[in-house]
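The following note is written for a student who is reading a protein model for the first time. Please keep the sequence and the structure in view while working through the numbered points.

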Amino acid sequence: MDIEEIIEKAGGAEALASLTGVGTEAIRKWRQSRAIPGKHWGALLRLPGITLADLDPQTPQEETPTMTDTCPEGANAALVLADGTVLWGVGFGAHTDGAAIGELCFNTGMTGYQETLTDPSFAGQIVTFTFPHIGNVGTNAEDDEAQRVAARGVVVKEDVTLPANWRSTQKFAQWMIGQNLPGIAGIDTRLITRRLRDGGPQTAVLAFPKDRQFDIAALRAQAVSWPGLEGMDLAKDVTCTQSYSWELGVWQKPAAERSTRRRVVAVDYGAKRNILRCLVTAGCDVTVVPATATAEEILRHNPEGVFLSNGPGDPAATGVYAVPAIKGVLAANVPVFGICLGHQLLAQALGARTYKLERGHRGANQPVKDLASGRVEITSQNHGFAVDDKSLPEDVIITHTSLFDGSNEGIRSTKLDAFSVQYHPEASPGPSDSFYLFERFVALMDKKAA
């Protein structure tokens, strides 16, 4: 956006000077340079109709890509968005039988693509990686976060290269074939990221047919007709089918071994394996139960604490059966700790509401502030829904907040031994900034047992 347009949107030069806390001489210099210093962007972004792309001279203004419904030479895969956009590229991984459909999202992590794609929280989503070099360290069995892939498709910029890492046991594209996961390379991922950032999430269809035949009109219709994640319960699709015990801890232990261990039941709404490892390392004997377990079924294991896991989909939909179970556990006065979807479900059980974010949080570089200590944690996140702060009852306090958009990142009950966070403390982006949360959970159980 031109500097004169920005001045006009601010209400004139004097209004812009007042908004940004500078003198009119600074505005004159901005006009000369045709740019506004980055330290003032925060104030300007509060004005209606101004986005980050309007302020950053290094960010090219998004142009509608030249679209064709005919597959270009060299392309064999297509990404069709609900807004009608068609992006052609080179397919890799598994061919699609028809097309893969889901909510298109972007992930900003520079590492951990295998952990991302096996995270059950990505169920129902096509993941666009903003980092261009995906697949360059290959894959291995140790980095899977679940038994099967939850994501529905992969979008990358660069062609996948041969792996260059001593831990690799299989090429990324081969691994994707084994997981029946399609991918598309050669896509302008910056265009997708800007579009989702400024316009919010939308549905996309990824087609990688063996015969290289495309019905773009039908793919557009699929993208438009898909209902989206709002109102969709996906926890039942990714949860375990029966209870089991988990005994493995983390590979590099951030805490000393405990002689006294606590019995914990982990409710699996789509649990990542490293969460279970962290619970074991913190001093827990872990029994995992399905997402649909009732309070009676959970309490039958005589837990000293109950953990509510991460997971996909709309928390309001999952809450239909999960919230009554959580309320039953709280009524039994058992300490509760929740992460991600578990955080949202605990908030509902305590009387709060959840809502769909305009821009989901996905990546390993998300700053979160602990309001009690003032400490800032660099966190890993993956969620498209959040807890509505305004709906929290008086006996539930906010403990953590996002420094990106101010949304809720943690709560604690003042009457019950229950707390939760929106982010993923087990994902090690800090790398162990947030392990204290597992220790806090164990401390609650210790206090209860004393």
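1. Contact here means heavy atoms within 4.5 Å. Helices (H or I, at least four residues) and strands (E, at least two) are DSSP runs, numbered from the N terminus. Axes are lines fitted to C-alpha atoms, for helices over the stretch in contact, and angles run from 0 to 180 degrees between N-to-C directions. With these terms, helix H8 (residues 189-199) lies across E1, E2, strand E3 (100-107), strand E4 (125-129), strand E5 (153-155) and strand E7 (202-207). The helix runs at about 90° to E3.

2. This is a predicted model, in which local features need pLDDT of at least 70 and side-chain atom pairs count only at pLDDT 80 or more, while totals for chains, interfaces and linings use all residues. Residues are numbered from 1 along each chain as its sequence is written, and side-chain values use heavy atoms, with hydrogens and water left out.

3. Two strands pair if DSSP finds at least two bridges between them. In the order E1-E2-E6-E5-E4-E3-E7, 7 strands close into this barrel with mixed pairing. Neighbouring strands are turned by 35° against each other on average, direction ignored. Strand E1 (residues 77-81) and strand E2 (residues 86-93) are antiparallel, joined over 4 bridges; Val80 has Val86 in E2 as its bridge partner.

4. An unreviewed UniProt entry assigns residues 75-207 the annotation "domain: Carbamoyl-phosphate synthase small subunit N-terminal". UniProt positions are given in the numbering used here, feature names are shortened, and annotations may be inferred rather than shown by experiment. Over residues 75-207 the chain is 18% helix and 29% strand, with the end C-alpha atoms 11 Å apart.

5. A second sheet is open. It has 10 strands in the order E8-E10-E9-E11-E12-E17-E16-E15-E13-E14, and its pairing is mixed. Strand E8 (244-246) and strand E14 (376-387) each have a single partner strand, so one side of each is left without a neighbour in the sheet. From one strand to the next, the twist averages 25°. E8 pairs with strand E10 (residues 284-290) in the antiparallel sense over 3 bridges, and Ser245 stands opposite Thr287 in E10.

6. How do E11 and E12 pair, in the parallel or the antiparallel sense? The two strands are parallel, with 3 bridges between them, and Val306 stands opposite Val336 in E12. Buried means under 20% relative accessible area, exposed over 50%, and partly exposed in between (1.4 Å probe, protein chains only). E12 is covered on both faces: Val336 and Gly338 are buried on one side, Phe337 and Ile339 on the other. In a regular strand the side chains alternate between the two faces of the sheet.

7. Helix H11 (residues 273-282) is mostly covered, with 9 of its 10 residues buried. The elements covering those buried residues include E8, E9, E10, E11, E12 and H15. Just after H11, Gly283 takes a positive phi of about 115°.

8. The aromatic residues deserve a separate look. Rings of Phe, Tyr and Trp (its six-membered ring) pair if their centres lie within 6.5 Å; planes under 30 degrees apart count as stacked, over 60 as edge-to-face and the rest as tilted. The whole structure contains 9 aromatic pairs. The ring centres of Phe435 and Phe438 are 5.7 Å apart and the planes stand at 40°, so this pair is tilted. Both Phe435 and Phe438 are buried. One aromatic cluster is formed by Phe307, Phe337, Phe419, Phe435, Phe438 and Phe441.

9. Which residues are named in the UniProt "binding site" feature? The unreviewed entry lists Ser121, Gly311, Gly313, Leu341, Gln344, Asn382, Gly384 and Phe385. Although spread over 265 residues of sequence, they cluster in space, with a largest C-alpha distance of 13.1 Å. Ser121 lies in the loop between helix H6 (113-118) and E4 and is buried, at a relative accessible area of 6%. Not counting residues up to four places away in sequence, Ser121 touches Asn310, Gly311, Pro312, Asn382 and His424. Asn382, in strand E14, is also buried, at 4% relative accessibility. Leaving aside neighbours within four places in sequence, the contacts of Asn382 include Ser121, Cys340, His361 and His424.
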